[in-house]
Amino acid sequence: MVAVNKVYLAPMEGVCDPPLRKILCAVGGYDECFSEFIRVTDHVLPAKTLLREVPELAQGCRTDDGTLVRVQLLGDHAQAMAQSACRAVALGAQSIDLNFGCPSRFVHHAGAMLLKEPELLHRITSTVREALPENVFLSVKMRLGFADPSEAVTLVKAVAVPGLNEIILHARTRKELYRKDALHWDKLRELAAYAPGIELVANGDIVDKESAQRCLAVSGYSNLMVGRAALMQPNLGNMIKKDARPFSYLQKLQMLPKLFNELQSRGFAEKSRLDRAKQFLGFVRRADECCADFFKTFCRVSSENDALILLENELIQAASQGQ
Ligand SMILES: Cc1cc2nc3c(=O)[nH]c(=O)nc-3n(C[C@H](O)[C@H](O)[C@H](O)COP(=O)(O)O)c2cc1C
């Protein structure tokens, strides 16, 4: 058995927002979670944007259960990124991540698009590092390349500036997007030689304890980040680190009323609350076949009241069938 050091909950824009971070971290066993990416243009981010995106800043940048939230910034303007990182720290952030991995075509000249420009990656990373107090943890999250995984050596060398604490590597290129047949855990091992003194984190298609162990063995790393699978198995961190049993279907359903409450208390409108519940259930359905019919019915409801009645019935049925 390979020893696991840290398991992170991945940043997921449009999914892993403050309410879901709170709910997943409470049961997941994660060492740290991340904000969704916050877009930085050529201006320092206003405090109100940072506080809206990361309300946890007001409580030591931790979720209610105490999990640290790393603030993730995405942009191409080195000074604005550095000033925004410093502002996040002034508001309470203890760790900052730079996003060089987002593949979206709607993100112009930022995220994974910058993988074509190693000198710019270097400039952004070193400018942010130099601006931040020494005790603030700084990481870079990136893919192995823009078009080819062989670019990874150059890219790791570019970001491995003095004082960088960690590099999180999604083992795919920008061009490979999320393709199942393109995943290069095997390319991770050699990168350690180019990042002396920097922690490395493996990411991409880690879905359970078994795949986590395989990834650790192949990469030689001891840190992992999990994304989509954490939405299907909410206690994935504990499954990987503590050999916990995956949550049952019933346990996953029991998270839904908590999600509704959390969204309501944060002022989300009824339509958004319903959409978010459907999104959550969509991930559950991928892991639990028994959810298929309920998911279809649930997706048709248009009022929260109806949704809660359906959910109540499904909870009773799941409990009686031991699901
Ligand atoms: C819906 C969605 C949103 C994402 N948003 C972000 C983001 O805001 N920042 C980021 O660095 N990566 C983002 N990612 C990438 C994930 O953090 C992660 O690297 C990727 O999903 C691979 O890990 P996985 O196979 O465990 O899901 C996103 C992925 C998904 C599916």
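Helices (H or I, at least four residues) and strands (E, at least two) are DSSP runs, numbered from the N terminus. The model is predicted, with local features needing pLDDT of at least 70 and side-chain atom pairs pLDDT 80 or more, while totals for chains, interfaces and linings use all residues. Residues are numbered from 1 along each chain as its sequence is written, and side-chain values use heavy atoms, without hydrogens and water.

**Stop 1: the largest pocket**

Select Pro 11, Met 12, Lys 141, Tyr 178 and Arg 228, the closest to the centre of the largest pocket among its 35 lining residues. A pocket here is an open set of points on a 1 Å grid over the protein atoms alone, where a 1.4 Å probe fits, with protein on both sides within 12 Å along at least five of seven lines; lining residues have an atom within 4 Å of a point. The volume of this pocket is about 750 Å³, counted as the space filled by probe spheres set on the points, which are joined across faces, edges and corners.

Next, colour strand 5 (95–100), strand 6 (137–145), strand 9 (223–226), helix 7 (228–232) and helix 11 (270–287): each gives the lining at least two residues. Helix 7 has the largest share, four residues.

**Stop 2: helices 12 and 13**

Select residues 292–300 (helix 12) and 304–320 (helix 13), whose axes come within 10 Å and cross at roughly 165 degrees. Axes are lines fitted to C-alpha atoms over the stretch in contact, with angles from 0 to 180 degrees between N-to-C directions. Show Phe 294, Thr 297 and Phe 298 of helix 12 against Ala 307, Leu 310, Leu 311 and Glu 314 of helix 13, which make the contact (heavy atoms within 4.5 Å).
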